[in-house]
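Here is a note on the model you asked me to look through. Please read it with the structure open.

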There are 2 protein chains.
Amino acid sequence: MTSDTDAPVTVPARRGRPGYDRDRVLEIAVQLFNEQGYDATSVADLAQRLGLTKSALYHHFASKEELLAVALDQALSSLEAVLDDPRAQEGPASDRLRHVIRSATDVLVAQLPSVTLLLRVRGNSPVEQSALERRRLFDHRVTRLVAEAQREGDVRTDVDAAVVARLIFGMINSVVEWYRPGGSVDGDRLGHDIMTIALDGLQSHD
Amino acid sequence: MTSDTDAPVTVPARRGRPGYDRDRVLEIAVQLFNEQGYDATSVADLAQRLGLTKSALYHHFASKEELLAVALDQALSSLEAVLDDPRAQEGPASDRLRHVIRSATDVLVAQLPSVTLLLRVRGNSPVEQSALERRRLFDHRVTRLVAEAQREGDVRTDVDAAVVARLIFGMINSVVEWYRPGGSVDGDRLGHDIMTIALDGLQSHD
């Protein structure tokens, strides 16, 4: 899963057309998967969109499924890194929860295409099932964090921790439905807004 | 769009097989659309699932698109009724917002299949575009309600009203991804939980 862009610059590109490295092929593939659905996208569709022959495409990725696996791994690794960050590991659970809500939203905004793809996965293949399993583990870790904040007395206990985790990530994930980079809503601001609504609620406390 | 079940009971059923009225055909069709996607579902698939011939199916609905139109209209009409209710029309805006959040969640829980179908619509046909337009009008009405509650001083003004409306409905709509009737989470309780988190936040105020 290493990128061809990691190669020393003195080595001439041997693969694909000039202008296409592995990252760029992946980016365009994810865009196409999101537009017309992964299952409905053929390798021929991908090659056409890229302006490459199928065999040139196969130099970059062994299969359509490898493109999916790499894209899903990028999204999941970035989300998992949020939970592995020291700010999600140390200190009061409610502060850690704030960090997770805010940083997960930042990941979603920064990696909108691959997270969009991840959120549409339904488990139709081993690659998709493995991604769903990693999502489940992520959800369990967030649920444990909510439960810890409840035990520490900082989060209300009249709502089940697993329901809270699902609803908060429901709010975060819904951003893929409408947020567009460069649109009227500032992506940097979204993490703050979601964290504020989730923790403090809409109600004015003036 | 009236239902055959509205017909007087003295009139013998002339259409379809015994046991299938128009509502039941619609229910099974929506289930199949949600399972395998509307575009990927053929009339032959529907007939097979129903155990009907295509022509028997056409006695109930003129086309696959009519099934989609009727299902989307049911979901949208129920959601619009929430905003048309006197509890969403009279009194302080923050109380009306509470009613809308709670009742919209109840609609989603009660009509999970048709709302799930609605939320997956991407605008691939005039029927889908018209459903998206009704969703946009619904969102605008919710945004106006949030803005009114902000003007009345009951909802925080440091988050844009349109962003609030999207995030709150993002949380509500995310329920289709995991809520299942008869599962471990009580559907009657969900509307309360979402309303509580949205308005009061997770933070304990003890």
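1. Basis. This is a predicted model, in which local features need pLDDT of at least 70 and side-chain atom pairs count only at pLDDT 80 or more, while totals for chains, interfaces and linings use all residues. Residues are numbered from 1 along each chain as its sequence is written, chains are lettered from A and ligands numbered from 1 in the order in which they are written, and side-chain values use heavy atoms, with hydrogens and water left out.

2. Fold of chain A. Chain A has nine helices and zero strands; helices (H or I, at least four residues) and strands (E, at least two) are DSSP runs, numbered from the N terminus. The C-alpha trace of chain A spans about 60 × 35 × 35 Å along its principal axes.

3. Annotated region. An unreviewed UniProt entry annotates residues 42–61 of chain A as "DNA-binding region". Such positions are given in the numbering used here, feature names are shortened, and annotations may be inferred rather than shown by experiment. In the model, residues 42–61 of chain A are 75% helix and 0% strand, with the end C-alpha atoms 14 Å apart.

4. Extent of the interface. In chain B, 36 residues are in contact (heavy atoms within 4.5 Å) with 36 residues of chain A. The area buried between chain B and chain A is about 3,300 Å², and carbon and sulfur atoms give 60% of that area. Buried area here is the accessible area (1.4 Å probe) that two parts lose on being put together, summed over both. On the chain B side, B:Arg156, B:Leu167 and B:Leu202 lose the most area to chain A, together 23% of what that side buries.

5. Salt bridges. The structure holds 26 salt bridges over all chains, a salt bridge being a side-chain nitrogen of Lys or Arg within 4 Å of a carboxyl oxygen of Asp or Glu. Within chain A, A:Arg189 and A:Asp193 form one at 3.2 Å, N to O. These two residues are four apart in helix α9 (residues 187–200) of chain A, and are therefore separated by about one helical turn. Between chain B and chain A the count is two; B:Glu177 pairs with A:Arg122 in a salt bridge, with the closest N and O atoms 3.6 Å apart.

6. Elements at the interface. Helices α5 (93–110), α8 (161–173) and α9 (187–200) of chain B are the elements that give two or more residues to the side touching chain A. The largest share, nine residues, comes from α9(B).
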